[in-house]
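This report walks through a two-chain structure for a reader who has not seen it before. Please have the sequence and the model open while reading.

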Amino acid sequence: MDRKLTSNTLKQTFERRSFVVGSIQGGIGLLLAARMGYIAVAENEKYEMEAESNRVNLTLIPPRRGWILDRNGSPLASNRADFRVDIIPERLEDPDATVEVLGNLLGFSEPEKADLRDRLENSAGFAAVPVANGLDYEKFAAVSVRIPELPGVIPQRGYSRFYPTGPSVGHLIGYVGAPSREEYEEDPQPLLLTPGFKLGKDGIEKQFEQRLRGEPGARRVEVTASGRIVRDLETRDDVQGDPVQLTIDGPLQDYAARRIGLESGSVVVMDCLTGDLLCMASMPSFDPNSFSDGIGRVEYSMLSESERVPLRNKVLQGLYPPGSTVKPTVGMALLAAGVDPDETVYCGGGLQVGNRRFGCWNRSGHGPVDLAKGIYQSCDVYFYAMAQRTGMWPIAETCRRYGMQEQFDLPVVSQFYGTVPDPDWKMEKYGREWQAFDTVNATIGQGYMLASPLQLAVMASRLATSNQVMPRLLLDGQAPSFQPMGVSAEYKAYIRQAMSDVVNGPGTAGRARLPVDDVLMAGKTGTAQVVGLNLSDGRSGPWRFRDHGLFIFFAPYDNPRYAGAVVIEHGGGSGAAYPVARDVMTFLFDPQKGLDALHALERQWGGTAQQRLDAQYAAYAAAAGVDLPPAPPPVTLAEQVDAEARAAYEGPQQADDRVFTPRDEANPRAEGTTT
Amino acid sequence: MRGEIALPRPIAEFPWRVVIPLTLLVAFGAAVLHSAAGGSFSPYADSHLLRFGVFLVMALVMSYFPEDWVRMIAIPGYVAVLLLLIAVEAVGQLGGGSQRWLELGFMRLQPSELMKPGIVLIVAAFFHSLPAAMIGSWRALLVPLGLIAMPMGLVLLQPDLGTSLAIGFGGIVVMFLAGIPQKWFIGGGVAAVFAIPLAYFFVLQPYQQQRVLTFLDPASDPQGSGYHIIQSKIAIGSGGLFGKGFGEGSQSQLNYLPEPHTDFVFATMSEEWGLIGGLFVLLVFGIVLRWGLIVAREAKTRFARLLAGGLTATMFFYVAVNLMMVMGLAPVVGIPLPFMSHGGSSMMTNMICVGGLMMVERWNRRATASGL
């Protein structure tokens with residue numbers, strides 16, 4: 001090293017380098033001051049907003065849903081204050097552990113835990129998933145105290161939908177549930193993500209969703225980082241949704257649903273002066289109360305496996321051959337076509353048309369039959385003979401005018417309109433000519449003919465009043481006026497009398513006579529055959545081969561006020577249907593007498609519809625264990641039920657060439673009829 | 001200068017220039033800690049003030065140590081602290097976990113804290129004894145590097161990256177000030193460029209790697225490691241020019257800000273006092289560090305110069321890294337802010353640095369006086 005280093009040069013180096021160090025320090029100091037100025041002044045607004053959104057938590061308060069009222073103002077759907085628990089899936093740290101802990105706190109069974117896990121998996125993540133509602137205070141408190149170790153779990157007080165009559169109104173009112181991912185994507189409002197918010201999934205609840213929903217309230221709170229609420233800043237109350245008042249008579253609806261009992265069927269009752277639908281019961285049904293937390297897999301399996309399709313609204317989506325209930329309407333068609341009602345046809349138990357013989361249900365024959373006897377004794381031969389004279393067209397047109405194949409302007413999710421066959425229809429559908437036996441089949445409501453219970457009830461109203469009665473479901477305080485059907489007073493009275501004789505005279509439904517003084521009910525029985533005589537006698541054997549029992553009615557017969565229809569699926573004939581109609585009408589005119597009859601029956605059946613459904617559920621859940629497939633989401637479910645119902649009534653793929661052979665429809669002698 | 005002459009000597013020689021700004025800063029720090037405790041003197045503010053009082057007395061006592069004496073204890077002191085570091089490691093190993101302190105009964109001693117001024121002392125003493133002509137030799141490079149590497153390695157084992165870097169920084173700055181050739185620094189800088197990726201993959205713990213990644217992109221993990229930086233910036237940014245007011249900071253009061261009383265005390269302060277408060281803190285640190293450098297430049301001996309320069313650098317390292325961290329300019333390393341963060345070890349280390357500087361200032365005055 002040539003350069004001589006002394007302590008003096010080192011001191012100079014120190015001076016120089018300490019200056020460098022000092023400059024760097026000063027530079028960093030200035031950098032820090034500038035950086036802080038930038039964050040605190042230039043970006044102040046942005047960070048102030050972020051601090052505010054940290055601090056303030058806005059929670060929406062789900063609005064109380066509007067009530068659904070019956071015609072007298074009693075609730076068919078109301079709200080019940082309750083304790084509930086929800087989960088926000090994206091805030092969960094360990095979903096499986098949380099489900100386990102929560103499930104144990106709430107006493108969940110294994111399938112219920114599996115359902116909850118499915119719902120969490122399929123949720124949108126940020127939307128609340130309902131866990132349980134209607135909790136008692138002990139369970140609610142048990143969850144609340146463990147909140148610190150269960151992030152994402154939200155216990156709260158709220159309201160849940162309550163249907164006082166449960167399964168009785170299931171199909172009519174529908175049910176509510178948490179919004180699905182698809183529903184949120186369609187209508188992306190923050191309200192749909194709020195824990196505890198439910199929207200209508202079916203029936204009236206779905207149709208009047210916007211009216212029932214109401215305005216959400218809001219609560220602004222100051223929260224800590226861990227989510228603890230420090231104080232309320234501001235609260236805006238919710239606005240309850242508007243009520244919807246239906247024409248339904250709540251007690252009658254409940255009575256009718258319960259009266260169907262162990263059978264599968266539907267009852268429709270209308271006010272034939274206003275068209276008000278007083279009752280649209282369809283059983284068996286589901287309990288809409290238990291659907292509002294999502295449909296459990298046990299419940300879904302039980303309901304979907306049942307051959308009585310409890311998920312289908314049979315009033316609107318059940319289509320049945322009307323059978324002999326169509327005869328009064330065909331009678332109107334004959335009268336309009338100029339047939340003299342007093343002209344008689346000799347019934348010898350059958351009629352030869354061309355080279356075929358068509359049997360009457362009464363093999364031994366009715367003897368001489370006029371139109372009235374054709375109706376009250378339900379003689380097939382009379383109608384075979386007269387229909388040959390008029391042809392199919394006037395009959396088909398009259399059937400349509402009396403409500404068949406008609407879609408009504410009702411607030412319902414879907415209604416099926418059935419079939420009234422005519423030569424054009426057959427040519428278009430099957431490419432085949434209309435044959436004489438097609439007319440014969442149609443005049444007694446068999447063959448291709450299909451109608452829904454609602455259409456049959458409308459038919460009964462129009463027969464009773466000879467007015468173009470239109471059904472309605474919403475009570476608006478106005479009395480509608482209907483167009484007359486153009487039937488003479490004489491013929492109107494004639495058909496009324498003939499239908500009264502079905503019940504009160506020498507007819508096929510003597511047991512349907514009302515046990516009420518001064519009120520006589522008129523009606524018409526019908527038996528719709530499902531399979532040919534070779535497969536079943538229609539009354540015993542496999543349930544699905546048995547005949548449908550039908551009955552249309554109105555009362556009082558001479559000044560009709562109420563009209564309706566009862567259809568009992570595979571009830572083994574009309575004998576299953578008219579006792580139901582009798583009791584329902586009895587309840588309308590004398591509630592106590594009606595209830596006494598029902599209570600006696602329910603003692604035999606093992607409880608009310610709700611009690612039997614609960615017992616069935618418990619038995620099914622115990623037998624099934626955990627290995628059940630999960631339930632589909634409600635939207636898919638509704639579509640599926642609809643599709644199944646449609647498929648069930650598609651009708652034959654090939655034109656049906658068989659001659660229809662009616663069975664014993666009802667045996668007046670066995671009914672103990674008095675003349 | 002008349003007023004100064006009139007004052008009695010102990011008062012005139014008292015280091016007012018540093019004690020007054022420091023007291024103001026500590027008092028301000030206590031106010032911030034009072035707020036961070038939710039508006040209560042305990043548990044942070046009261047112990048903060050008490051510790052400052054105790055360590056200020058210690059620093060004043062230190063300032064009377066003579067230079068020979070200090071030079072003499074450099075080597076035994078260094079060896080003793082090194083042995084303590086090994087002891088910590090051994091106790092930790094026996095205890096079955098990592099540990100940074102020794103339980104002495106009356107206090108928890110963190111030997112790594114003592115090593116921060118210790119390394120400055122030993123390196124300064126080494127260069128003082130090294131003949132001036134040998135400053136360019138390998139010995140001038142390798143011996144101090146060895147002295148620095150041993151404690152750094154032991155502290156890294158704890159593992160405590162922040163303290164380890166602080167020790168390294170103090171030692172390197174003393175080497176730089178001592179005048180070793182510039183080429184070593186350039187070479188060292190190039191080596192560091194290559195060493196950083198290696199260190200990232202082989203030396204850093206996974207959680208530290210995560211912190212570096214998060215520093216580069218805090219938004220990548222807003223609920224995890226990025227949370228600290230994001231919340232700290234929100235606190236500083238929402239404070240604005242004048243702050244939200246004493247006790248009104250929502251970020252710190254509602255626990256959004258992590259560690260509001262230790263590492264992120266500056267963010268707590270900024271939220272409530274705004275840019276004005278921040279500039280005040282920066283100003284006080286500026287005054288103290290400038291005073292430290294002036295003391296170093298006025299020092300008469302090579303040892304005193306290097307000692308004062310190194311102690312100033314150590315304090316600077318604390319301040320700079322902590323402030324860069326809270327403002328999102330550096331990754332999250334656990335380094336508190338001197339005189340404001342709550343914590344005994346940091347207060348002790350920084351007051352030892354201040355005491356050392358006051359000591360050098362006294363030596364300067366003696367030398368000037370005797371020179372006259």
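## Overall make-up

Among contacts in chain A between residues at least 6 apart in sequence, 75% join residues at least 24 apart; two residues are in contact if their C-beta atoms, placed from the backbone, lie within 7 Å. This is a predicted model, in which local features need pLDDT of at least 70 and side-chain atom pairs count only at pLDDT 80 or more, while totals for chains, interfaces and linings use all residues. Residues are numbered from 1 along each chain as its sequence is written, and chains are lettered from A and ligands numbered from 1 in the order in which they are written.

Chain A has 25 helices and 19 strands. Helices (H or I, at least four residues) and strands (E, at least two) are DSSP runs, numbered from the N terminus. Of the 675 residues of chain A, 49% are buried. A residue is buried if 20 or more other C-beta atoms lie within 10 Å of its own, exposed if 12 or fewer, and partly exposed in between, with C-beta atoms placed from the backbone.

## Confidence

The pLDDT of chain A averages 84, and 90% of the residues score at least 70; pLDDT is the predictor's confidence in each residue, from 0 to 100. Over residues 666–675 of chain A the pLDDT is below 50, although this stretch has 19 contacts in the model beyond near neighbours in sequence. Where pLDDT is low, the predicted coordinates should not be read in detail.

Chain B has 15 helices and 2 strands. Of its 372 residues, 48% count as buried. Of the contacts in chain B with a separation of 6 or more, 69% are between residues 24 or more positions apart.

Where the chains meet, 41 residues of chain B are in contact with 36 residues of chain A. On the chain B side, at least two residues each come from helix H8 (161–178), helix H11 (226–239), helix H12 (250–253), helix H13 (265–298) and helix H14 (302–326). H13(B) gives the largest share, 11 residues. By type, this side of chain B divides into 23 nonpolar, 14 polar and 4 charged residues. Here Ala, Val, Leu, Ile, Met, Phe, Trp, Tyr, Cys and Pro count as nonpolar, Asp, Glu, Lys and Arg as charged, and the others, Gly among them, as polar.

## Helix H1 of chain A

Helix H1 of chain A covers residues 7–42, which is 36 residues. At 1.5 Å a residue it should span 52 Å, and its end C-alpha atoms are 50 Å apart, which agrees. The expected span is 1.5 Å times one less than the number of residues.

The buried residues of H1(A) include Leu10(A), Phe14(A), Ser18(A), Gly22(A) and Gln25(A). Among what covers the buried residues of H1(A) are helix H2 (44–55) of chain A and, from chain B, H8, H11, H13 and H14.

## The five-stranded sheet

In chain A, 5 strands form an open antiparallel sheet in the order S12-S11-S19-S18-S17. Two strands pair if DSSP finds at least two bridges between them. Strand S12 (277–283) and strand S17 (522–528) of chain A are at the edges, each with a single partner strand, so one side of each has no neighbour in the sheet. The twist averages 5° from one strand to the next.

Strand S11 (residues 264–271) of chain A pairs with S12(A) in the antiparallel sense over 6 bridges. Val268(A) has Met280(A) in S12(A) as its bridge partner. Helix H20 (residues 453–465) of chain A lies across S11, strand S18 (548–555) and strand S19 (562–569) of chain A, and runs at about 145° to S19(A). Axes are lines fitted to C-alpha atoms, for helices over the stretch in contact, and angles run from 0 to 180 degrees between N-to-C directions.

## The three-stranded sheet

Another open sheet of chain A has 3 strands in the order S1-S8-S9, with antiparallel pairing. Strand S1 (56–61) and strand S9 (229–236) of chain A stand at its edges, each with a single partner strand. Its twist averages 25° from one strand to the next.

Strand S8 (residues 217–223) of chain A and S9(A) pair over 6 bridges. The bridge partner of Arg220(A) in S9(A) is Glu234(A), and Val221(A) stands opposite Asp232(A). Of the 8 residues of S9(A), the number buried is 0, so S9(A) lies largely in the open.
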